[in-house]
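Please read them alongside the model.

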Amino acid sequence: PLSLFKMASSDEGRELKVREAFQILTQGVEMVHYDHSAKGGARKCKKIVWMDPDILRICVEVSRPSQTDKSKGKIPVGLYLRDIGEVREGANAFDFLKSSDAPEYDAQCLALIGSERAICLQLPSKFSRDWFLERFQLVIDDVLTEMEKTLRAKLRWATQGRITDAERGSNVASQLRQLLERGLQVLHHHPNGRIIQSYVVFFESSNRIEVQPLERSIFSFTQKNMGLQINDIAEIRPGTHSVGFVRSSSTDKQGECLSIIGSECTIDIQLATNKARDLLAHKLKLFIDSWSFTNENESFA
């Protein structure tokens with residue numbers, strides 16, 4: 001009976017926090033937003049962070065959209081709650097690290113990381129950061145259906161305790177490393193909507209996974225390859241639940257696709273078959289976990 005009482009009071013406490021978060025985020029809160037894509041590069045600016053309850057989206061803009069913008073269907077910069085793969089504590093995210101005016105206190109920072117973008121935010125204190133860190137996660141969990149939670153738990157890779165020591169000690173990780181060092185041929189669903197025959201390559205010197213086009217045109221030689229540091233990877237997401245696949249009109253290819261999501265970018269790729277996709281997703285999880293296990297507490301820059 002005591003444990004049931006504790007569970008009930010815990011659920012009540014959780015519900016209270018979710019209601020608090022919905023109320024405050026619907027009203028909007030001022031935070032410092034770090035945005036590497038802004039003009040001038042890695043700019044930081046005070047912005048309003050709010051949640052649109054109609055579309056379940058965390059938005060971040062200098063001001064809320066006008067009624068005219070809303071009537072035109074303009075969607076503010078942000079992330080849909082269902083797209084957020086990680087609520088990351090601290091300033092170890094791309095836009096923070098690339099800023100010419102980096103945060104002084106890591107404990108005041110958090111990042112919301114999804115396939116559409118990463119939202120890097122600085123709050124006035126550790127207390128306020130911890131408050132929002134917990135409640136962002138609770139709100140995300142609250143909007144997911146039980147089926148979505150089950151599916152996410154089954155498919156997602158997370159950093160805590162998913163891989164056993166036996167699996168970590170296997171040679172699967174080293175096999176994948178060798179394959180990726182040679183290059184794995186895939187279809188890359190680029191954020192611009194194009195589908196490009198490409199290679200996924202791992203560079204041990206920089207601990208970085210990049211996607212490189214199979215053939216370069218005269219216009220693409222100046223373009224930088226999309227890539228992620230291994231320790232920036234927030235989620236391996238099977239399926240087409242990523243903005244890249246929406247832009248390439250390929251959401252019907254969910255059995256062959258997966259996304260590698262980090263704070264720098266999202267790499268959306270398609271393999272030849274469902275079996276090949278599932279095998280790569282599993283091996284990538286082992287490879288990343290194996291790397292993380294031997295390189296704990298290392299930040300990227």
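1. A salt bridge here is a side-chain nitrogen of Lys or Arg within 4 Å of a carboxyl oxygen of Asp or Glu. The model is a predicted one, and 19 salt bridges are found in it. One of them links the side chains of Arg14 and Glu15, at 3.6 Å from N to O.

2. How exposed are the two partners, Arg14 and Glu15? Arg14 has a relative accessibility of 23% and therefore counts as partly exposed. Glu15, at 35%, is also classed as partly exposed. The cut-offs behind this are under 20% for buried and over 50% for exposed.

3. Arg208 takes part in a salt bridge with Glu210, where the closest N and O atoms are 3.0 Å apart. Arg208 counts as buried because its relative accessibility is 9%. Glu210 is buried as well, with a relative accessible area of 15%.

4. Arg208 also forms a salt bridge with Glu264, and here the closest N and O atoms are 2.8 Å apart. Arg208 lies in strand S10 (residues 208-213), whereas Glu264 sits in the loop between strand S13 (257-262) and strand S14 (266-270), so this pair ties together parts that are 56 residues apart in sequence.

5. Elsewhere, salt bridges with shared partners connect Lys17, Glu20, Glu134 and Arg135 in one network.

6. Turning to the sheet: 7 strands make up an open sheet, in the order S4-S3-S2-S1-S7-S6-S5, with antiparallel pairing. Which are the edge strands? They are strand S4 (78-80) and strand S5 (84-89), each of which pairs on one side only. From one strand to the next, the twist averages 30°.

7. For Ile113, the bridge partner in S7 is Ala118.

8. Helix H4 (residues 126-143) packs on the sheet. The strands touched by H4 are S1 (29-35), S2 (43-52), S3 (57-61), S5 and S6. The direction of H4 makes about 165° with that of S5.

Definitions and conventions:
Residues numbered from 1 in each chain as written. Predicted model: local features only at pLDDT ≥ 70, side-chain atom pairs only at ≥ 80, totals over all residues. Heavy atoms only, no water. Buried < 20%, exposed > 50% of the residue type's maximum accessible area, 1.4 Å probe, protein only. Helix = DSSP H or I, 4+ residues; strand = E, 2+ residues; numbered from the N terminus. Pairing = 2+ DSSP bridges. Axes fitted to C-alpha atoms, helices over the stretch in contact; angles between N-to-C directions. Contact = heavy atoms within 4.5 Å.
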